[in-house]
Amino acid sequence: MRIFINPGHALGGDPDPGCINPALTLRECDLALTYGSLCGKYLEAAGLEVKLLQSHNLYGEAPGYPCVVDEANNWPADIFLSIHVNAGGGRGAETYCYDLQGAGGRLARAIQNQLVKTLSPFDPDYKDRGVKAHPSFCVLRNTTMPAVLIETGFIDSEDVNLLTRHGDDIARSIARGVTDYANFLVRA
Ligand SMILES: [Zn+2]
């Protein structure tokens, strides 16, 4: 099984670092790359094939950069993961899919469950914000395989302690969600 990992926003933060926490000099692009790289290692250790691409070009809008959706569709990947960090002062994780009823919805629930189960013991205020359909997200709309966009936590709330100290747990949870989903497919 082939897993395509897309850490959100531009590699190196240029030109788009995603959300930032200026007081802590934290950038979403860096956190997402850390989680994505670690997650890829766990998935490879579980015997899955992994490709990772962080790029300013999601679907042809910046042709000077490699295109995330095209790379995933052409590989072709079996699962697409876009990893992000939220902003706006809330708490907890939320995972988006194209369609709650489809395979992407099942994958999203598997990942969301693992994230909340793993991180909430460290901080009970890390909330389960749920799985949500968001068919207009470019990476969910244009990919041809089950795809999810994971918001791991908020860069500008108390979540930041989890985001900075538990990156390995975040990565491992996402990987476990993927293997939960893959095991379901094998059993089904
Ligand atoms: Zn983002």
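**Briefing on the predicted model**

Asp 123 counts as buried, at 16% relative accessibility, where buried means under 20% relative accessible area, exposed over 50% and partly exposed in between, with a 1.4 Å probe and protein chains only. This is a predicted model, in which local features need pLDDT of at least 70 and side-chain atom pairs count only at pLDDT 80 or more, whereas totals for chains, interfaces and linings use all residues. Residues are numbered from 1 along each chain as its sequence is written, and side-chain values use heavy atoms, with hydrogens and water left out.

**Salt bridges**

- A search of the whole structure finds 7 salt bridges, a salt bridge being a side-chain nitrogen of Lys or Arg within 4 Å of a carboxyl oxygen of Asp or Glu.
- Arg 91 is buried, with a relative accessible area of 13%, and a network of salt bridges links Arg 91, Asp 123 and Asp 159.
- Helices (H or I, at least four residues) and strands (E, at least two) are DSSP runs, numbered from the N terminus.
- The side chains of Arg 129 and Glu 94 also meet in a salt bridge, at 2.8 Å from N to O; Arg 129 lies in strand 7 and Glu 94 in strand 6, so this pair ties together parts that are 35 residues apart in sequence.
- Glu 94 counts as buried at 5% relative accessibility, whereas Arg 129 counts as partly exposed at 32%.
- Asp 30 and Arg 27 form a salt bridge at 2.8 Å from N to O, with Asp 30 partly exposed at a relative accessible area of 33% and Arg 27 partly exposed at 28%.

**A buried glutamate without a salt bridge**

- Glu 151, found in strand 8, is buried yet has no salt bridge, and the nearest side chain of opposite charge, Arg 129, is 8.7 Å away; Lys and Arg count as positive and Asp and Glu as negative, while His and the chain ends are not counted.
- A polar atom of the Glu 151 side chain lies 3.1 Å from the backbone nitrogen of Asn 86.
- Leaving aside neighbours within four places in sequence, Glu 151 is in contact (heavy atoms within 4.5 Å) with residues including His 84, Asn 86 and Glu 94.

**The zinc site**

- The zinc ion is coordinated by His 9 (NE2), Glu 28 (OE) and His 84 (ND1), at 2.0 to 2.2 Å; donors are N, O and S atoms within 2.8 Å of the metal (3.2 Å for Na, K and Ca), and water is not among the atoms, so sites may look incomplete.
- His 9, in the loop between strand 1 and strand 2 (20–21), and Glu 28, in helix 1, are 19 residues apart.
- Glu 28 is buried, with a relative accessible area of 3%, whereas His 9 counts as partly exposed at 23%.

**Nonpolar cores**

- Ile 3, Leu 43, Leu 81, Ile 111 and Val 178 touch the most other members of the largest nonpolar core, which has 35 residues; such a core is a set of buried Ala, Val, Leu, Ile, Met, Phe, Trp, Tyr and Cys residues joined through side-chain atoms within 4.5 Å.
- Apart from this core lies another, of 14 residues, among them Phe 4 and Met 145.

Conventions:
A polar contact is a pair of N or O atoms within 3.5 Å; within protein, one must be able to donate a hydrogen and the other to accept it, and residues adjacent in sequence count only if both atoms are side-chain atoms.
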